[in-house]
Amino acid sequence: MTIADPSQLASARRLVVKVGSALLVERGSPRVEWLASLAADIAMLRAKGVEVIVVSSGAIALGAARLGLAKGGRGSLADAQAAASVGQVDLARLWCDALAPHGLTAAQMLVTIGDLEDRRRYLNAAATLARLVEAGAIPVVNENDSVATEEIRFGDNDRLAARVAQAAGAEAVLLLSDVDGLYDRSPKEPGAALVPRVEGVTPEIVAMADGGSSSGLGSGGMLAKLQAARIAERAGIALVIANGTASSPVAALLASGTGTLFVPQADASARKAWLGGRLAPSGVITVDAGCVEALGKGASLLAPGMTAVDGDFARGDLVAMHGPKGERLGQGLVEYTAAECRAILGLKQEAQAERLGYAPRAAVIHRDHMVRE
């Protein structure tokens, strides 16, 4: 199945639909009529044979209004956690009430970044999603902001939606936003033009992004959506950004095709897709120019090419790879601890055994356990 245009999203076997806070909540109150129209869209997709998973923001905004917290509940981490605890109850109820008239059952699923970063927990989450969809439910996924911290969290539901799509084996992601899609500059600037199709998230594409959330309610922005698109494209998943402010937003998109389609750039193995989508490396290994060239040709990362090691990581942890100018090259699962990496920094293989006290492994990061930018 190939999606060549946003209007073809209904041809996906399984679709993740992300709903932002600005669409769901207005001045502290839920947009009940709008949500009812989206629920009708979901029922329409289901009738076409599309399995739908929802990633829904809104808990913090709803909870902040109920508790009377300033700044939409985002004034402090404690406020955000408290607001999420209260608001998630309301959010689950809203989805249940919206889907019920169509004979659809909502299933709440709260996740933290660790649930999708740790391989075993990732597979557990994938199994839960698969069973819910198989049973005919509509999973409604949100980050568990009541326990997430500033350091250990997705931080936005755009990237969460892309990771959920990986775990669920979805073919496409729809990010409903308050803009039509990606523009070649800030849409507030005169002459800004919508980019209908993106063949790979390059530095030039990233430069187009307007980093803020225009509503002030959410935590994402266009940059977060491009990061989500990067996760999706690596996993062979199509991603669309479209305007969801109007009633029946999915039906409107299928009719108009107006939005930005990010075309999958690879059909990665499940493990490679998981590695590419992980967001919290435990450290950084910096390499020299010769190593950069070798990595570009598909080589493993070897100790002679390392110039610096940052962080405190164990064997098997995810570690980022940077070039001599600080440019990100990729990431992978490291074969040594941080202390061992520092011990063999820049050493050729014959010198590594003496320093380590045992025979060195084949690579610091093997190419089979690595994804490159």
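Predicted model: local features only at pLDDT ≥ 70, side-chain atom pairs only at ≥ 80, totals over all residues.
Visitor: How far apart are the end C-alpha atoms of helix α6?
Guide: Helices here are DSSP runs of H or I, at least four residues, and strands are E runs of at least two, numbered from the N terminus. The expected span is 1.5 Å times one less than the number of residues. For the 16 residues of α6 (119–134) that gives 22 Å, and the distance in the model agrees: 22 Å.

Visitor: Which residues of α6 are buried?
Guide: Buried means under 20% relative accessible area, exposed over 50%, and partly exposed in between (1.4 Å probe, protein chains only). On the other side of α6, R120, R131 and E134 are exposed. The buried set is Y122, A125, A126, L129 and V133.

Visitor: Where does the UniProt annotation "binding site" fall?
Guide: The entry is unreviewed, and such annotations may be inferred rather than shown by experiment; positions follow the numbering used here, and feature names are shortened. The annotation covers S57, D145 and N157.

Visitor: Is S57 buried or exposed?
Guide: S57 sits in the loop between β4 (51–56) and α3 (59–67). Its relative accessibility is 11%, so S57 counts as buried.

Visitor: What is the distance of the polar contact between the side chains of N157 and S57?
Guide: N157 lies in helix α7 (residues 157–168) and, at 7% relative accessibility, counts as buried. A polar contact is a pair of N or O atoms within 3.5 Å; within protein, one must be able to donate a hydrogen and the other to accept it, and residues adjacent in sequence count only if both atoms are side-chain atoms. For this side-chain pair the distance is 3.0 Å.

Visitor: Which residue forms a salt bridge with E335?
Guide: A salt bridge puts a side-chain nitrogen of Lys or Arg within 4 Å of a carboxyl oxygen of Asp or Glu. The closest N and O atoms are 3.1 Å apart, and the partner is R315.

Conventions
Residues numbered from 1 in each chain as written. Heavy atoms only, no water.
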